[in-house]
Amino acid sequence: MQQRAYGDTGVSLSIIGFGGIVVMGAEQAEADRRVAEAIDRGINYFDVAPSYGDAEERLGPALEGKRDGVFLACKTGKRDKEGAAAELRESLRKLRTDRFDLYQLHAVSSVAEAESCLAPGGALEAFVEAREAGLVRHLGFSAHDADAAVLLMERFAFDSILFPFNWVTFHEGAFGPQVLQKAEERGVARLALKGMARRPWPEGADRSGVQNTWYEPITDPADAELALRWTLSLPITAAVPPGDPRLFFLALDIAERYRPLEEAERVELEQRMRGNRPIFTSVK
C-alpha cells in the first residue's frame, strides 16, 4: 500500500484509510479480523467517531497491541468547549488509548456551525487545550459545506481537512474545487471522503445489498476503480472508502494497484457518471 505525506508533519499515511463504520455492528471477533487484515495489507490510518454506532467500542479492542503502529483519528460533533472536551475523554476511554493522532470537528454543515466552533467557549478551545495536554497531536475538521470549510481554514491553522472529494460533486455540483484550492494555499493536508459515492439513494431503491451508507455507493468494480483513482489523483494524502465492509476491501484492492488516472480514463469516467445528482453541491 502506497503512503503519502500528511502535510509537513513528517507523518506518512496509507492512501486508504479505515473508516470505523467498517466495524459498526460487527461481532468483536469479526471486527478484530477486519482490522488485522487491513493492517496486514498496509493500512496505518484509522478514523472513527462517536456517531458511528458501536464502532469505537469495536475498534478499541481490535487495535490493542497495534496502537503504536497506527495513526488514529477521531471526531466530535459537539460545538461547545465543555461538550467537546467531554466527548474527547469518552472516546479515549472507549478506544482504549491515551491520545489521538488527529482530533477533528465532525461534519461541520454550515457557516453558523463553523462560527460556533471558533467562538469563545467553542469546541476549538477544547481542541487547543487537549493538544497542549498531549491528548491529541494534530487538529482538523470534516465538513459538508464548502463555505464553512473555507472559513475554518481562513480562521485557524488546522493540520488537515476531511472532505468529500468526489467526481460527481466536484464537476456536477461545483463542490470541492474551492476547498481544495484553499487547503493548498493554507498548507492544510487533504483527506478525502465519498470517493466511491454515486448519488443520493433514488426513491424506492433496494438498499438490501449495501451496508452502512446513507448515499448510493458505486458497487460496480470498474466504475469504482475509475472513481477512486480520480480522487487519489488529486493532491490529497488519503481517501476513506464507504463503511460497507465489502466496498472497503474493494477499495484496498484498487489502491494496491493504484496509478494516476489518464486523460482517456477521465473521459470514460465522465461518461459513466453523467446524469448522476451530486450528494453535495455548491450550486445555489
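**Figure 1. Surroundings of Lys 75 in the predicted model.** Apart from its neighbours within four places in sequence, Lys 75 is in contact with Asp 47, Val 48, Ala 49, Pro 50, Tyr 52, Tyr 103, Gln 104, His 106, Ser 142 and Leu 162. The side chains of Lys 75 and Asp 47 are joined by a polar contact of 2.3 Å. Lys 75 belongs to strand β5. With a relative accessible area of 2%, Lys 75 is buried, because buried denotes a value under 20%.

**Figure 2. The open sheet of 8 strands.** The strands follow the order β3-β4-β5-β6-β7-β8-β9-β12, with parallel pairing. The edges are formed by β3 (18–19) and β12 (238–240); each has a single partner strand, so one side of each lacks a neighbour in the sheet. Helix α2 (residues 55–63) packs on this sheet and touches β3, β4 (45–47) and β5. The direction of α2 makes about 160° with that of β5.

**Figure 3. Pairing of strands β5 and β6.** Strand β5 (residues 71–76) pairs with strand β6 (residues 100–108) in the parallel sense, over 4 bridges. Thr 76 stands opposite Leu 105 in β6.

**Figure 4. Packing of helices α6 and α8.** Helix α6 (residues 146–155) packs with helix α8 (residues 177–186) at an angle of about 10°, and their axes are 9 Å apart. The two helices are therefore roughly parallel, the term used for angles under 35 degrees. From α6, Ala 146, Ala 149, Val 150, Met 153 and Glu 154 meet Gln 178, Val 179, Lys 182, Ala 183 and Arg 186 of α8. The residues of this contact comprise 6 nonpolar, 1 polar and 3 charged.

Notes. Residues are numbered from 1 along each chain as its sequence is written. This is a predicted model: local features need pLDDT of at least 70, side-chain atom pairs count only at pLDDT 80 or more; totals for chains, interfaces and linings use all residues. Side-chain values use heavy atoms; hydrogens and water are left out. Axes are lines fitted to C-alpha atoms, for helices over the stretch in contact, and angles run from 0 to 180 degrees between N-to-C directions. Angles under 35 degrees count as roughly parallel, over 145 as roughly antiparallel, 65 to 115 as roughly perpendicular and the rest as oblique. Contact means heavy atoms within 4.5 Å. Ala, Val, Leu, Ile, Met, Phe, Trp, Tyr, Cys and Pro count as nonpolar, Asp, Glu, Lys and Arg as charged, and the others, Gly among them, as polar. Two strands pair if DSSP finds at least two bridges between them. Buried means under 20% relative accessible area, exposed over 50%, partly exposed in between (1.4 Å probe, protein chains only). A polar contact is a pair of N or O atoms within 3.5 Å; within protein, one must be able to donate a hydrogen and the other to accept it, and residues adjacent in sequence count only if both atoms are side-chain atoms.
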